[in-house]
Structures are given as structure tokens and as C-alpha cells.
Amino acid sequence: MVVITKLSAVEQLPITKLHRPVSGNFAGDVPLVDLTSPAAAAQVVAACEELGFFKLTNHGISFELIDRLECEAVKFFSLPIWKKDAAGSAAPFGYGSRKIGTWDFGWIEYLLMQANSINPALSSSFRSALSDYISTIKNLSCELLELMAEGLGLQPRNILSKLLMDEESDLMLRLNHYPPCPSSQQRNNISVTGFGEHTDPQVISILRSNNTSGLQISLRDGRWVPVPPDQSSFFVNVGDSLQVLTNGRFRSVKHRVLANSVQSRLSMIFFGGPPLKERVAPLPLLMEEGEESLYREFTWCEYKTTAYKTKLVDNRLGLFEKN
């Protein structure tokens with residue numbers, strides 16, 4: 001991975017103008033879930049068991065709402081560095097560039113915030129767009145978790161979604177901007193890393209990006225495959241916590257983002273986590289007779305603290321597996 005050493009390189013690169021979505025058939029190795037299909041619950045469960053990742057279509061969220069937030073994000077990342085710094089240094093919430101967490105670096109700048117505490121340093125129009133988007137995506141996340149419960153035959157139907165509905169639920173939104181990466185930054189034809197390979201520690205993640213490639217996922221055989229961009233759809237990740245709740249039946253997929261040499265990539269990721277004090281362990285309702293838990297019980301606070309202290313590539317769940 002190439003480490004970016006000069007912030008000015010990120011500052012001076014232009015942000016690609018966003019375009020309206022283009023219709024067309026989806027190609028690739030990614031499962032497709034149609035939220036309006038009568039078989040949506042079964043589709044979601046199959047995708048979560050096989051890959052832990054899927055493309056969601058017919059989600060019912062207006063492009064106007066999405067476009068509104070993207071436009072505000074473009075304005076923010078186009079600001080001079082001193083104005084972006086006014087949002088506060090990412091520790092972990094605020095504006096960050098290059099440095100991801102404690103150990104990792106990437107060709108990226110980002111804005112990370114808690115869903116229930118939108119940064120007051122941002123413009124009023126930006127805060128309004130964030131508030132509306134977060135509220136909508138939270139509802140979509142809960143709908144998907146209830147579909148998962150339905151597909152798994154779990155009762156009550158909100159057994160998973162209630163983890164995100166608590167007043168103290170740990171919900172976050174991350175806006176990532178990957179500027180075009182000059183060829184001078186690439187070494188021996190190896191693509192520069194925008195965001196290194198990792199799994200998401202939360203219960204569920206919902207990603208929306210512009211029409212720029214870069215996202216890749218790791219298949220069960222270890223192959224990395226590109227995810228064709230589609231800004232009219234969302235992409236959904238199973239998080240580590242959901243893998244534990246299902247005792248490994250659902251899998252948390254490894255993914256990464258490679259820098260693009262021509263266009264900038266802008267993505268918006270909603271992370272749905274439980275309250276910090278919530279205890280996470282395999283659900284007894286999903287355990288067959290005689291089946292043993294693969295993981296020791298932990299609080300979300302414990303796991304989140306561990307995740308922030310590790311490298312992106314580390315197997316965090318390995319630290320909580322039973323021997």
C-alpha cells in the first residue's frame with residue numbers, strides 16, 4: 001500500500017461532477033436483492049449466508065434525497081483544507097485525511113459523525129441533508145434486518161432491528177472522498193489503496209457511491225472481485241456483530257477500495273451498531289440442539305474498542321472466538 005505523504009496532493013485534485021444513474025443490467029459476482037419482490041426475505045438470507053454482501057434495488061428512496069446530500073458533500077470536500085479542518089480532527093469523529101484509524105493510511109479524505117450528533121460546524125444546508133438522509137437510511141436498515149429475521153424464521157420480527165432502534169444505539173455515517181490518484185503515485189502498476197481490506201464491526205452497513213469504480217469484495221475462495229458501481233442502488237454489508245448473532249451463519253465480508261486514476265469516488269456509508277452496553281452473542285433461537293457458540297459473549301463497547309486498536313486487515317473476530 002502506498003502511503004500519501006502530502007495533504008496538498010489531496011487538496012488540489014478536482015472532484016468529479018456527479019451524474020444521474022444510468023440504467024442497465026448488473027454484471028458480476030454480487031447477489032441482487034429486489035426489495036419489492038415477494039421473495040426478498042429469502043434473497044436477503046441467501047446473500048448473507050453466501051457472501052455477506054448484496055446489491056439492493058427498488059429500495060424506494062428518492063434520488064433527490066441522495067443527490068441533495070452528495071451535492072453538499074461535494075461542496076464540503078471542495079473547500080480549502082483550513083475550512084474542512086474546522087469540522088474537527090477525526091478522533092474518531094470529524095474530518096480526516098490519509099490516516100485511517102490508528103495504523104492505516106490511504107488515498108482518501110473523509111468526514112465521520114455520529115448519527116444523533118451532527119457536526120454543528122457544518123453548514124445548515126449540509127446538516128439538514130445529513131439529518132434527512134440518516135433518518136431514511138436508518139429506517140431502511142431496520143427494514144432489512146426485519147427481512148433477515150423473517151427469512152430466518154425468527155420471532156419477534158424486530159429481534160435484530162431493535163438493536164438499531166434504541167435511543168442509545170451506536171449509529172454512524174461516514175462520507176468518503178477518494179480523489180483521482182495521479183499515475184506518479186502508483187508503483188510498478190500496483191493500484192494505490194484508497195481504503196485497505198477490512199470487515200465492518202457493526203451489525204449492518206449500507207453503502208451508496210457515485211458512478212466511480214474502486215470497491216472490491218473478497219469471495220469465499222479468496223479472490224478479489226470488483227463491484228460494478230451503480231449509483232441508483234445501495235450495497236449492503238453484513239457486519240462482524242451480525243456474524244456473531246447468527247453464530248457464523250451470516251458472514252462479514254472483507255472489502256476494500258482501490259484508488260481511481262481518472263475519476264473521484266464519493267461514498268456514503270451508514271453503520272448500524274447496537275448500544276455500547278448491549279451484550280452480543282449468538283441468538284439461542286438460531287442454535288440447533290447441541291450446537292455450541294463459536295464466539296464468547298462481549299459487549300459492543302468491548303468489541304468496538306478492540307476494533308479501533310487493530311489494523312484494518314486484522315481478524316478482529318478471531319480474538320473473540322472460542323477455542
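How many nonpolar, polar and charged residues does the lining of the largest pocket have?

## The largest pocket

In this predicted model, the lining of the largest pocket divides by class into 22 nonpolar, 15 polar and 9 charged residues. The pocket holds about 890 Å³ of space, and of the 46 residues that line it, I100, G101, Y110, R174 and F195 lie nearest its centre. Strand β3, which covers residues 94-100, gives the largest share of this lining, with 6 residues.

## The second largest pocket

The second largest pocket holds about 320 Å³ of space, and it is lined by 20 residues, of which T199, Q243, S252, K254 and N315 lie nearest its centre. Two or more residues of this lining come from each of the elements β6 (193-198) and α7 (240-245). When the lining of the second largest pocket is sorted by class, it has 6 nonpolar, 6 polar and 8 charged residues.

## How two helices pack

Two packed helices are described by the angle between their axes and the distance between the axes. Helix α3 (residues 63-77) packs with helix α5 (residues 124-152) at an angle of about 140 degrees, and their axes are 9 Å apart; α3 is therefore oblique to α5. The crossing in which α3 passes α5 is left-handed.

On the side of α3, the contact is made by L65, I66, R68, L69, E72, A73 and F76, which meet S125, F126, S128, A129, L130, D132, Y133 and T136 in α5. Sorted by class, the residues of this contact between α3 and α5 are 9 nonpolar, 3 polar and 3 charged.

Note on methods
Residues are numbered from 1 along each chain as its sequence is written. This is a predicted model: local features need pLDDT of at least 70, side-chain atom pairs count only at pLDDT 80 or more; totals for chains, interfaces and linings use all residues. Side-chain values use heavy atoms; hydrogens and water are left out. On a 1 Å grid over the protein atoms alone, a cavity is a set of points where a 1.4 Å probe fits but cannot get out, and a pocket is an open set with protein on both sides within 12 Å along at least five of seven lines; lining residues have an atom within 4 Å of a point. Grid points are joined across faces, edges and corners, and a volume is the space filled by probe spheres set on the points. Helices (H or I, at least four residues) and strands (E, at least two) are DSSP runs, numbered from the N terminus. Ala, Val, Leu, Ile, Met, Phe, Trp, Tyr, Cys and Pro count as nonpolar, Asp, Glu, Lys and Arg as charged, and the others, Gly among them, as polar. Axes are lines fitted to C-alpha atoms, for helices over the stretch in contact, and angles run from 0 to 180 degrees between N-to-C directions. Angles under 35 degrees count as roughly parallel, over 145 as roughly antiparallel, 65 to 115 as roughly perpendicular and the rest as oblique. A crossing is left-handed if the near helix is turned anticlockwise from the far one by less than a right angle, and right-handed if clockwise. Contact means heavy atoms within 4.5 Å.
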